[in-house]
Amino acid sequence: MTIENIVKEALKGAGGPTSSLDRSSSEESRAIMTPVETRTRVADWFSRWRAPLRRFLSSRGSIPTADIDDVAQEVFLRLMRYDRSEIVEHPQAYLFRMASNVASEWSIRSRLRHPHDSEWLGVLESEDRPDETHARRAAESEIREAIERLPARQRQIIKLRFGEGLDQAAIAARLGLTERMVKRDLANCYATLRMELDEELLGVLIHGRE
Amino acid sequence: MDASDPRRSVAAAAARWFVELDSGELSRRDREEFVAWLRESPVHIAEFLRISRLHGALSKFEGWDDILAEVSGESNVVALRVTQAERAAPERVSKAKWRLAAGLAATFLVLAVVVMTQWSVQPDLYVETRRGERRDVVLTDGSTVLMGPGTRLKVRYRRAQRDVELLAGRALFKVAKEADRPFVVSARNTTVRAVGTQFGVEYESRGDLVVTVAEGRVAVKARAPLRSGQSYTAADDEVLLDANQQLTVSAGMSSPVRIVDGRSELGWAQGRLMFENRRIADVVERFNEYNDVQLRVRDEALAERRVSGVFDASDPDAFIAFLSSVAGVQARRTSNDAVLLEPPAPAEHLVP
């Protein structure tokens, strides 16, 4: 199965958008939408963004932290091979799917090279590892400290985003800001935390183990 | 962390792209720009993947309650309340959180075996408990629902939202954290929205709805039922409840928020019933939900008497013993599964 077909399958499963939903020209005006359009737009956003992101973050889509740069290099090469217009249809889905595939291809290859390793991993996965909670606690503590170092408004915004699950529009409404301001603060927040937080520890939180 | 400038500016660009993608549908032109940016360098791709992972970790992070931040947009009064609640309870909350985390971890372990390579989707559920029956329902996202007796529940997980409808009875919800998918309980016309918390929603005998938070924070929207021709306005109030706070909704109006001991109020989930100055008639009604042997009170004066205490729901005898020591109540078995509670027999004064 080529990657192309895998992605197509994945998109089918996610209830992928049909071509009739491509609103390149009407996108110019964010006019008042009818309820049907709103529902379709949200559904579209889910299949194009949230679903691929969620799959990428599940253990099925996971990439060992140490390999991110190498995986990115390989994804970069693969992206070049594809027709640009096809990728533009579903860029995030392609990106995440490719990255996960590369990682799993490599891990299969390494398992084949060292068959006894996979047995050992199997035993570990079924046991309750005591240092897992410790690693998790360390990760949470590091994240908390980094968040507390953020400027007040960024801290407010990120707490509303993740502590209460509000979307950007709701955050803007709650704090009396424009959506543009919320976007800017949120992006700065992500950028700062990216530079400050250790990736291995993040991996512990996402997958429970690294 | 080594913050070399070129990496930092790429990280900033990746973050901007991520936030843009997260906010809604991208136009074709935006998507073309995004792909062009990705194709400029593997570093762009790597940074975008890192920001995505960071987002994932923040979604799984559970310490939001301990983060001090003014989140209501109003000034001092609310901030004070939130801060005090946070300062007062962190010790107990963290201990409870570790217990919860351990419980959830055990649940995850079981689920992982079953769900291994599947993209687990929560099927729609309808669950009902009988009188005296309590049930623990575990959902695919790791959330659990402790159902009390005589409780009816509908679970409908959707992509945008995890929907649960409480049709009758009472339930204690332990919600697994998923920032992108709020957990919303609707009971009649009231909704309770949570992200990752522990809270109870209970139908009381008079038709009131009681929401109690053990951990975390929920947003409660109480609404009166619509009359025909009406529609809800955007200005419907949302009340925020933090840990150890409780709200009662009657006829669409919500009471002021009460500070309570979450653990005692929700003790029924562990079979512990707590009453504070409640009519014996109400207490008896609660007990009857949990037991096959039904208690009855016919004497009106006795029914109106008030009592306080904590009882094991499955031990009505202890309750009866308590009543007789406190109020001289006599118990008489009238059939296989009914016990009549009567006021003390008048002292037999032998009137000469």
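Which residues of chain A does R39(B) touch, not counting residues up to four places away in sequence? The legends below start from this contact.

**Figure 1. R39(B) meets chain A from a loop of chain B.** This is a predicted model, in which local features need pLDDT of at least 70, side-chain atom pairs count only at pLDDT 80 or more, and totals for chains, interfaces and linings use all residues. Side-chain values use heavy atoms, without hydrogens and water; residues are numbered from 1 along each chain as its sequence is written, and chains are lettered from A and ligands numbered from 1 in the order in which they are written. R39(B) touches F76(A), L79(A), M80(A), Y82(A), R84(A) and I87(A). Contact means heavy atoms within 4.5 Å. The loop that holds R39(B) lies between helix 2 (28-38) and helix 3 (42-60) of chain B. Helices (H or I, at least four residues) and strands (E, at least two) are DSSP runs, numbered from the N terminus. R39(B) is buried, at a relative accessible area of 15%. Buried means under 20% relative accessible area, exposed over 50%, partly exposed in between (1.4 Å probe, protein chains only).

**Figure 2. Helix 3 of chain A crosses helix 3 of chain B.** Two packed helices are described by the angle between their axes and the distance between the axes. Here the axes of helix 3 (residues 68-81) of chain A and helix 3 of chain B come within 8 Å and cross at roughly 125 degrees. That makes helix 3 of chain A oblique to helix 3 of chain B. Axes are lines fitted to C-alpha atoms, for helices over the stretch in contact; angles run from 0 to 180 degrees between N-to-C directions. Angles under 35 degrees count as roughly parallel, over 145 as roughly antiparallel, 65 to 115 as roughly perpendicular and the rest as oblique. The crossing is right-handed. A crossing is left-handed if the near helix is turned anticlockwise from the far one by less than a right angle, and right-handed if clockwise. From helix 3 of chain A, I68(A), D69(A), A72(A), Q73(A), V75(A), F76(A) and L79(A) take part. They meet P42(B), I45(B), A46(B), L49(B), R50(B) and R53(B) in helix 3 of chain B. For the complex, the predictor gives an ipTM of 0.76 and a pTM of 0.53.

**Figure 3. Helix 8 of chain A passes helix 9 of chain A.** Chain A has eleven helices and zero strands. Of its 210 residues, 45% are buried. Among its contacts between residues at least 6 apart in sequence, 67% join residues at least 24 apart. The axes of helix 8 (residues 152-163) and helix 9 (residues 168-175) of chain A come within 10 Å and cross at roughly 130 degrees. The two helices are therefore oblique to each other. Their crossing is right-handed. Q156(A), I157(A), L160(A) and R161(A) of helix 8 make the contact with I171(A), R174(A) and L175(A) of helix 9.

**Figure 4. Seven strands of chain B form an open sheet.** The order is 1-4-5-7-8-11-12, with mixed pairing. Two strands pair if DSSP finds at least two bridges between them. Strand 1 (125-128) and strand 12 (239-241) stand at the edges, each with a single partner strand, so one side of each has no neighbour in the sheet. Neighbouring strands are turned by 20 degrees against each other on average, direction ignored. Strand 8 (residues 190-194) and strand 11 (residues 218-221) run antiparallel, joined by four bridges. T191(B) stands opposite K221(B) in strand 11.

**Figure 5. A168(B) sits in strand 5 of chain B.** The strand spans residues 162-168. A168(B) counts as buried, at 18% relative accessibility. Leaving aside neighbours within four places in sequence, A168(B) is in contact with G150(B), T151(B), R152(B) and Y203(B). The C-alpha atoms of A168(B) and E202(B) are separated by 8.1 Å. These two residues are 34 apart along the chain.

**Figure 6. Helix 7 of chain B packs on a sheet of three strands.** The sheet is open, has the order 17-20-19 and shows mixed pairing. Strand 17 (294-297) and strand 19 (330-335) are the edge strands, each pairing on one side only. The twist averages 30 degrees from one strand to the next. Four bridges join strand 17 to strand 20 (residues 338-342), and these two run parallel. The bridge partner of R296(B) in strand 20 is L340(B). Helix 7 touches strand 17 and strand 20, and its direction makes about 165 degrees with that of strand 17. Eight of the eleven residues of helix 7 (residues 280-290) are buried, so this helix is largely enclosed by the rest of the structure. Among them are V283(B), V284(B) and F287(B).
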